[in-house]
Amino acid sequence: MKKQSNSRRNFIKTTTLATGAVITAPLQMNFMAPGLGNKKLKLALVGCGGRGSGATVQALTADPDVELVAMADAFHDRIEKSLKGIQEHFGEDKKIDVKEKNRFDGFDAYKKAIDLADVVILTTPPGFRPYHFEYAITNDKHVFMEKPVATDPVGVRKVLEMAKIAKAKKLNVVVGLQRHYQSKYIDLKKRIDNGVIGQIRSGQVYWNDAGVWVKKRKAGQSELEYQMRNWYYFNWLCGDHILEQHIHNIDVANWFIGDYPLSAQGMGGRQVRNGKDHGEIFDHHFVEFTYANGAVISSQCRHIPGTMSRVDEVFQGTKGSITLGNGVIKDLEGNHQFSYPIKWGEDPNPYQVEHDKLFSSIRSGGVISDTENGAKSTLSAILGRMATYTGKKITFEEALNSQLHLMPESLTWDSTPPSIPDSNGNYSIPTPGKTKFI
Amino acid sequence: MFPDFLRLLLFLNLTTYLSFGQQNYKQQLPGTEKSIAMLFIPGGTFTMGSAPTEKGHFADEGPQHQVIIDPFWMAEFETTWDLYTLFMERTIDKYQINSSLANEVDLEVDAISGATTPYTDMSFGMGTDGYPAICMTQLAAIKFCEWLSAMTGNFYRLPTEAEWEYACRAGTSSAYSFGETSENLSEYAWFKDNSDDTYQKVGLKKPNQWGLFDMHGNVSEWTLDAYEIKAYRIRKKNNNDNPYIVPTKIYPRVVRGGSWMDRASRLRSATRRGSSKKWKQRDPQIPKSLWWHTDAPFVGFRIVRPAKPPKIEIQKKYWNYSTN
């Protein structure tokens, strides 16, 4: 165990130096995205899971003249499964075909796919995102990318750097924090901005449910392949569920307050979901985020079956309160003031709206720049994770400058993953009070 | 919940009423303390559908026609999350009752596919313990029945649309099982006007004459049938023997009873509703989940067990999910 953490620390040191060099490299600014008018838009999908396939369907639905030209994934079988799903979705309505030679697998597949496209969808496990995003922006592509946009601060800094370049190049970037594209949230945010509950002083944000899928280890798999298949449970790939899922709710708190947290402290652990199949992530976190204006947000996320389920955001202001889930606003006495008329199955699908806006902006020469908020909300959730892992109070500034680097910058199938199990098959689990802030 | 002494009275009352011998019973779930109360529904004949003169009548509810229904048991309550979670988690499969003890079915529990874990909380924060399970696809509801059959040895399935309406009416022919108008609906049902925008625990309102709770409202309930708007037009006037439209497509299939989100007239005994692709609209994945309707927090189900189980080779058709 000790040996592992040593090698991991060394690894972090060396790669941090390398990253520093990349960040300070001079910006290449000789490209400005042209308005793409009526041109056929070539689309590449990088990360062929269920979400990537869904996003591809939405992109192909958003604009009649988009063609899926390339697909990339670490695994060939995921590409084939994804393509089949997309084809079945459209059936006879739209012919979808990606040439065999444009279906790329492996760790560098993303470059080959991105090279062939005008617009790219980045939906691999989030650890890869900064590096894929960097390549896409460097090569002048418009981007839809899923949240979170990194799993460590090194990645967040890279994405923030690329955000500036993307803006300068007038490239459109939509980040899959789809509540920003959901009618209910947009409507209620306007009401909050108009002061119906006054200034937000406190809030509670939740992602509590039974948890997600687990992929069992299969005979013959290398450790790296196993982790890539069961990626949810490894921090370099996923960043823990406080980041991978709960980012949505933390992001809503940031959005509604209009700021990012100043600091965080919290607690967490893994009490129920703690088997060998469950890698190294926690099954619960509770974090207190404090904002510059004194507002405090309690954030809870839990993956434990048989416990109270709730995915929601609630805020209390100086004049009243709001619950985003049911869209209800009340005054300070608890009297009902407003209900957003939720029309299940009828309100526009926010996942579709993301792509409708992206493509219409590309066509009209507009610029959507979701990146900076995506990166800062990603960092907010990482900040929460740092607080629960270490048990310390940590500031946003400290997190932003942290040298924690979980994600290797380059990988081959021969690489050793950053986390490796001990001889009993157990991974090293973060321990509050012992795990150090890096 | 309905107070125990009242339920006991009801039970005694029913068992007296059903003097020809069939009894209510509780289906234990092996390996747990949980059980499902099953009420005996006597066979009979009833008029299905509603007359054009009924307030709220839709064209798909006519013409009215006479239907013969064989006896069956029906769950007193809508299936709750407590029970549905057992199916989702599948941690009690090892307690499958040996088929020699209850031999209506011949199934190995590990051969039955299980619902995938949803990415988000499918109860939408409306509560789980004692609350009706929602958002499952008809496939998932069907597979729950198959799984329960394998676990217990008794043959369970979804009700046909005709069985559902027969049970809901409980011998009445009025718009609701308690009367012609919705005036007293709040005593019997959770719907738009009283639900506070959420489903409620099962069994809090008055049951119908046969002891079934929440047939009107709370959550709409899956049936086996394909939804055809003109279904009743091709039926005979009389003696339709246990009619059931076997689906050949995924959509639309029939849900009944109306829900916490619906206005009163959609809770009538005759109201029909077809499922829709829109019920998966916000599922962000492709392929979309076979198991979850992200946009149908108003849909649940309850189970039935025919008094005379079908032959084993025919049982499969009630658990199959044809998609062509």
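## Basis and confidence

This is a predicted model, in which local features need pLDDT of at least 70, side-chain atom pairs count only at pLDDT 80 or more, and totals for chains, interfaces and linings use all residues. Residues are numbered from 1 along each chain as its sequence is written, chains are lettered from A and ligands numbered from 1 in the order in which they are written, and side-chain values use heavy atoms, leaving out hydrogens and water.

The complex has an ipTM of 0.79 and a pTM of 0.86 from the predictor. Residues 11-20 of chain B fall below 50. Where pLDDT is low, the predicted coordinates should not be read in detail.

## Helix H3 of chain B

Helices (H or I, at least four residues) and strands (E, at least two) are DSSP runs, numbered from the N terminus. H3 of chain B spans residues 138-152. 15 of its 15 residues are buried (under 20% relative accessible area), so H3(B) is largely enclosed by the rest of the structure. Gly153(B) follows, with a positive phi near 80 degrees.

Most residues other than glycine have a negative phi, and most peptide bonds are trans. Lys147(A) to Pro148(A) is cis, with omega near -25 degrees. Pro148(A) sits in the loop between strand E5 and helix H6 of chain A. Gly62(B) and Pro63(B) are also joined by a cis bond, with omega about 0 degrees.

Arg90(B) is not a glycine, yet its phi is positive, about 60 degrees. Arg90(B) is buried, at 18% relative accessible area.

Note on methods: pLDDT is the predictor's confidence in each residue, from 0 to 100. Contact means heavy atoms within 4.5 Å. The expected span of a helix is 1.5 Å times one less than its number of residues. Buried means under 20% relative accessible area, exposed over 50%, partly exposed in between (1.4 Å probe, protein chains only).
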